[in-house]
Amino acid sequence: MKITNEFRLRRRTLLKGLGVVGLATIAPCSFAQVNNNQPLPRVRLKLSDYKTFRSTCAMECLHCNLTAYTYQGKLMKIQATEGFNVKCCLRGMSRTKWVYHDQRITTPLLRVGEKGDANFKPISWDEALDLIEQNIRETITKYGNEGLFISTHAGNMDSIKNDMGKAFFDYLGGSTKQAGSLCCSAVTAAMIPMVGLRYADTRDTIADSRYILCWGNNPAVTMQAYFKNYNQARKNGARLVVIDPRFNETAAKADEWIPIIPGTDTALALGMIKIIIEENYIDEDFLRAHTGAVYLVDQNQQQIRQNEDDKESYLVFDTLTQKLVRHDSTGVKAALFQHELPPELGYTTVFEQIYRQAKAWDVNRVSQETDIPVETIVRLARDYASITPSMIVQNMSGAQRTEHGTYVAASQFYLALLTGNIGKRGAGICDAGGAKQMAKFSPIVPPAPNAKNITPIPVSKVGDYIVNDKPHPINFWWIMTMGVMTQLPNTNKVREALKKVPFVVVADNLMSSTALYADLVLPVTTIFEDTSLMAGVRSQYVQLMEKAVEPVGEAKPDYWIFARLAERFGFGEVFNQPIEHYIDACLEGSGITRQMLEKGPVRPVEGDWIPFKDGIFRTPTKKAHFFIEEWQKKNFSPVVAYYQVTESIKGSPELAQKYPLMAVQRKLARSIHSSHGMNEWILEVQRNQPNVLIHPEDAKQRGINDGEWAIAFNDRGEHRAIAVVTTHIKKGVVSLDNGWWEQQGGSSSHVTNDQVEHLGTGHCCNSTLVDVRREV
Ligand SMILES: Nc1nc2c(c(=O)[nH]1)N[C@H]1C(S)=C(S)[C@@H](COP(=O)(O)OP(=O)(O)OC[C@H]3O[C@@H](n4cnc5c(=O)[nH]c(N)nc54)[C@H](O)[C@@H]3O)O[C@H]1N2
Ligand SMILES: Nc1nc2c(c(=O)[nH]1)N[C@H]1C(S)=C(S)[C@@H](COP(=O)(O)OP(=O)(O)OC[C@H]3O[C@@H](n4cnc5c(=O)[nH]c(N)nc54)[C@H](O)[C@@H]3O)O[C@H]1N2
Ligand SMILES: [Mo]
């Protein structure tokens, strides 16, 4: 059998260039080079010569199970695990190159030059830990715990590392944290109050759907491992429709592409709701029995309770007895429509509130706002409501990384609930989800007894807040599992913040764009170099991550670092137990044991996963809610309403004169955000340069030709990319690539909007205005 991919995927000299040359110029060997100059043994091996271990791709992807093949203590190749429900992709199989990357950090590194110059000197772990301890103590003395800031994100979503980091800072007495997420806070802010839980993934019954609406997302690339379910649905006769300003890879496999102006999705949803209500496609029985559409609202826009002390005692009007009763009374038929209510009550229903918002969205107005033809909107509404079971794919979409993203996500739930398209095979709203919803897991360490409640920083505003000492000065910044220089919006502000904070620690495996700006870089292990557990929300399986090889150089797992630090701060025993202790702690209550996982991944439940199939939602009332008081408290509409995005052509006409193109982001098959972005196998067979997709008319106006370098720019910064002149992007919109490293020319975040998404404290990277010029 052939040994490794090395033999098949030889580097082509042509492609050798960009990544490696770029790095060499920015980082002139000032950090330790990995010992992988020694080639892997090139002998013909039999399968039985290898040892095998199992792990999982732990960054924010689908956590495919991987089998690692080792020989003489070296990782030789990675393959999709036989019998696992999904197959890993090129990224998973290329992880060998991540472990033995020439930009692998092998020792702690202390900055000696200017920040960003990548001039570091190797130091020992003891020296590194001394420095960290000293800086933490100084910060607490001078600035209080507020001066400590920890950033974590999605670089490793195992059940241990991020939780351990946050807990460590809590045990110190607390620290400033990030509020919201760059990813999908808007979905969370819609789902928690509406249906009582986040993550309600419908992937198991996609193939049973008859009508699938991929709304602002691109599962052919971003949920690649189970895109087979969509293909199966189409084979079974389903219609697949994609709503996206870009003709994305899913659109290429779909029956219909509906281009839309970014940020206008809620107007479209409201227009569809109007048609669905007026043409009587609603599922009245479902609404009366399972939702808060029947709750009463008074003239002051307040929901009515039977008892003000009991927040869950909503009042409804029973049409059978003509009496006001509690929402949970049995044997009633709650009024849904205004005409079912006696006028003298002076109340209306939540359903009527929804209709009032929708009524304003006459199809012609929707068409003007979204630039979707009238006939398409009408057909879309009728098809979604009548070709059932129908499913909306939400999947932490690009459409919700917009200024009013919570309403985008919520409007999709409105459509499903109004038509009763939820809780059934082939229906629902496809969100991320997985094992964590299927069983109960426990915290890995007890909650800190003394953590101070400290005002957090909205994640999109990290750069701006730190630069302006908001809400308080930050003196010490710990960054792990996060690429702040590529993934946070407004990169130039983030760079300024990194330069301003006196002591920045970056724990990473590779000399990432962020690590370049650290004062202290800590080498951490990759997934094959330590033991861990994945009980997460991207795969339905709980998976043991086995240590397959010794760490490269002096790399350590993040939790090892926190254990050593905890010992210095007097709470060592909480953090310095063997890793098995924390794995067992997490599994407690799940019914799954480490011994079971040693035999292979375990799915906590049997059969297809169908969220809300019992008709019971996870809100305190067990009903799905449409009227959300949390939104009202923030001075936004309590029922879904359409708000114009501020950074848009209509929202900021003056700015739009200067920057007349709307920029949207796209995720690429070549990487998960910045992770894998420098993997040479992937650079070779996928893409090695960023693209900007631009419509032929927009390109012509600017003298931009296909294949030439162009620059997308606005007041925040510039992003350089090769122009792809194509009708696969809506006129007036450009699409930028997510995840390119500084060393590769820089991320599209240089131009993205750092506005905070209003209701979920989310990320508005897709509400961005730019112009594009030809590079001269
Ligand atoms: N290969 C790969 N897979 C990934 C990731 C990755 O980086 N690479 N990341 C993972 C993560 S963390 C996430 S959150 C998911 C995200 O998964 P997706 O949401 O599918 O990914 P995106 O590429 O961000 O956005 C999808 C589409 O949204 C469109 N879009 C942007 N703005 C709007 C808008 O206002 N309205 C509409 N209708 N469409 C809009 C974009 O044109 C784009 O085609 O993918 C996950 N899977
Ligand atoms: N411009 C733009 N920005 C975006 C998006 C976009 O589409 N466009 N998408 C947004 C979305 S949806 C998301 S989810 C975020 C993702 O943003 P991030 O979570 O920041 O994603 P990555 O770029 O993958 O960065 C993860 C880092 O963690 C490191 N890492 C991996 N394993 C470990 C480990 O075990 N320990 C430590 N300490 N580090 C580790 C990786 O090497 C990498 O440097 O980006 C958001 N930002
Ligand atoms: Mo994400």
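Buried means under 20% relative accessible area, exposed over 50%, and partly exposed in between, with a 1.4 Å probe and protein chains only. The model is predicted: local features need pLDDT of at least 70, side-chain atom pairs count only at pLDDT 80 or more, and totals for chains, interfaces and linings use all residues. Residues are numbered from 1 along each chain as its sequence is written, chains are lettered from A and ligands numbered from 1 in the order in which they are written, and side-chain values use heavy atoms, with hydrogens and water left out.

**View 1**
K115 sits in the loop between β4 (109-111) and β5 (120-122); helices (H or I, at least four residues) and strands (E, at least two) are DSSP runs, numbered from the N terminus. With a relative accessible area of 9%, K115 is buried. Its side chain makes a polar contact of 2.8 Å with the side chain of D519. A polar contact is a pair of N or O atoms within 3.5 Å; within protein, one must be able to donate a hydrogen and the other to accept it, and residues adjacent in sequence count only if both atoms are side-chain atoms. A polar atom of the K115 side chain also lies 2.6 Å from the backbone oxygen of L498.

**View 1. The surroundings of ligand 1.**
Ligand 1 is surrounded by 34 residues, of which N218, D244, D265, K667 and S671 are the closest; a residue is near a molecule or strand if one of its heavy atoms lies within 4 Å of it. The shell divides into 12 nonpolar, 14 polar and 8 charged residues. Here Ala, Val, Leu, Ile, Met, Phe, Trp, Tyr, Cys and Pro count as nonpolar, Asp, Glu, Lys and Arg as charged, and the others, Gly among them, as polar. Both α8 (219-222) and β23 (661-666) supply at least two residues of this shell, and β23 gives the most, with 3 residues. At least three residues come from each of domain 2 (196-282 + 349-435) and domain 3 (653-774); domain bounds come from an automatic or database domain assignment.

A polar backbone atom of N218 is 2.8 Å from an oxygen atom of ligand 1. An oxygen atom of the ligand is likewise 2.8 Å from a polar backbone atom of K667. In the side chain of T222, an N or O atom is 2.8 Å from an oxygen atom of ligand 1. The protein buries 99% of the 910 Å² that ligand 1 exposes when taken alone; accessible areas come from the Shrake-Rupley method with a 1.4 Å probe, and for residues only the protein chains shown count as cover.

The shell around ligand 2 holds 32 residues, and the closest are G483, D508, K667, S674 and S675. By class, the shell has 9 nonpolar, 17 polar and 6 charged residues. Domain 1 (109-182 + 442-524 + 553-590) and domain 3 (653-774) both contribute residues to the shell, so ligand 2 lies between them. An oxygen atom of ligand 2 is 2.9 Å from an N or O atom in the side chain of N156. A nitrogen atom of the ligand is 2.9 Å from a polar backbone atom of A507, and a nitrogen atom is 2.9 Å from an N or O atom in the side chain of Q665. Of the 930 Å² of accessible area that ligand 2 has on its own, the protein covers 98%.

Helix α10 (residues 265-278) has 14 residues and reaches 20 Å from its first C-alpha to its last, close to the 20 Å expected at 1.5 Å a residue; the expected span is 1.5 Å times one less than the number of residues. Because 13 of its 14 residues are buried, α10 is largely enclosed by the rest of the structure. N280, which follows α10, has a positive phi near 55 degrees.

**View 2. Helix α14 and Pro373.**
Helix α14 (residues 374-386) has 13 residues and spans 18 Å from first to last C-alpha, close to the 18 Å expected at 1.5 Å a residue. Its buried residues are T376, I377, V378, L380, A381, D383, Y384 and A385. P373 is found in the loop between α13 (363-370) and α14, and is partly exposed, with a relative accessible area of 41%.
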